[in-house]
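Please look over the protein shown here.

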Amino acid sequence: MTYGLYKGIGLIDDFPKFRNFKTGDLTGSTSPTMDIPSVEIGDGIAGLILSILLWIGMSILFVVLLIVLEAVFWFSLFIILAMLYWIFFRALKFVFSKSKDTKGDIGISAVYSLTYTLIYISWIFGIVYLTEIM
């Protein structure tokens, strides 16, 4: 940051704008009610075949649910990374907004750089400390 402030570097906001998305009710206002039937399997060969078929069906259901869970996980990871990118980009953009004042002066550039570094690292450590306390 010191070198960037000394040289007078500025950041250009080239993050894509997500304006094509429409806000609204995605899930609906009603929740589905399901009546789950109880399955009673008798003894004998019919009960054995039915339990094997139910076992295969539940295995397929669990595989499908794991695939859906994986998609939700990767989507959540993408959102978290996008938020972190935005936070750090905004922080650097704020720091480099002072580059007009610090261009060509290494002392002031170092002071601004150290000050903002201490500020940003301290709030990160503060969040970690608060999560350890809770």
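Is Tyr116 buried or exposed? Tyr116 has 10% relative accessibility, so Tyr116 counts as buried. Buried means under 20% relative accessible area, exposed means over 50%, and partly exposed lies in between (1.4 Å probe, protein chains only).

This is a predicted model, where local features need pLDDT of at least 70 and side-chain atom pairs count only at pLDDT 80 or more, while totals for chains, interfaces and linings use all residues. Residues are numbered from 1 along each chain as its sequence is written, and side-chain values use heavy atoms, with hydrogens and water left out.

**The chain as a whole**

The chain has 4 helices and 0 strands. Along the sequence the pattern reads α-α-α-α. Helices (H or I, at least four residues) and strands (E, at least two) are DSSP runs, numbered from the N terminus. Of the 134 residues, 9% count as buried. The accessible surface of the chain is about 11,800 Å², and 72% of that surface belongs to carbon and sulfur atoms. Accessible areas come from the Shrake-Rupley method with a 1.4 Å probe; for residues, only the protein chains shown count as cover.

Contact means heavy atoms within 4.5 Å. Among contacts in the chain with a separation of 6 or more, 79% are between residues 24 or more positions apart.

**Around Tyr116**

Tyr116 sits in helix H4. Leaving out residues up to four places away in sequence, Tyr116 touches Met1, Phe94, Val95 and Lys98. Tyr116 and Met1 are 115 residues apart in sequence, yet 9.2 Å apart in space, C-alpha to C-alpha.

Lys98 lies in the loop between H2 and H3. Lys98 is partly exposed, because its relative accessibility is 24%. Beyond its neighbours within four places in sequence, Lys98 is in contact with Leu5, Tyr112 and Tyr116. Gly10 is 88 residues from Lys98 along the chain, and their C-alpha atoms are separated by 9.0 Å.

Thr102 belongs to helix H3 (residues 99–102). With 0% relative accessibility, Thr102 counts as buried. Not counting residues up to four places away in sequence, Thr102 touches Leu5, Tyr6, Ile108, Ser109 and Tyr112.

**Aromatic rings**

A pair of aromatic rings is described by the distance of the centres and the angle of the planes. Rings of Phe, Tyr and Trp (its six-membered ring) pair if their centres lie within 6.5 Å; planes under 30 degrees apart count as stacked, over 60 as edge-to-face and the rest as tilted. By this rule there are 5 aromatic pairs. Two of these pairs are set out below.

| Pair | Centre to centre | Angle between planes | Type |
|---|---|---|---|
| Phe73 and Trp74 | 5.3 Å | 70° | edge-to-face |
| Tyr85 and Phe89 | 5.9 Å | 20° | stacked |

Tyr85 and Phe89 are 4 residues apart in helix H2 (residues 45–96), which means that about one helical turn separates them. Tyr85 is partly exposed, at 36% relative accessibility. Phe89 is buried, at 11%. Trp74 is partly exposed, with a relative accessible area of 48%.

Tyr116 returns here: Phe94, Tyr112, Tyr116 and Tyr120 form one aromatic cluster.

**The second largest pocket**

Rolling a probe the size of a water molecule over the atoms shows where empty space is left. On a 1 Å grid over the protein atoms alone, a pocket is an open set of points where a 1.4 Å probe fits, with protein on both sides within 12 Å along at least five of seven lines; lining residues have an atom within 4 Å of a point. Grid points are joined across faces, edges and corners, and a volume is the space filled by probe spheres set on the points.

The second largest pocket has a volume of about 170 Å³. Its lining includes Met1, Phe88, Tyr116, Tyr120 and Trp123. The elements that give two or more residues to this lining are H2 and helix H4 (106–133). H4 supplies the largest share, 6 residues.

How many residues of the lining of the second largest pocket are nonpolar, polar and charged? The lining divides into 11 nonpolar, 1 polar and no charged. Ala, Val, Leu, Ile, Met, Phe, Trp, Tyr, Cys and Pro count as nonpolar, Asp, Glu, Lys and Arg as charged, and the others, Gly among them, as polar.
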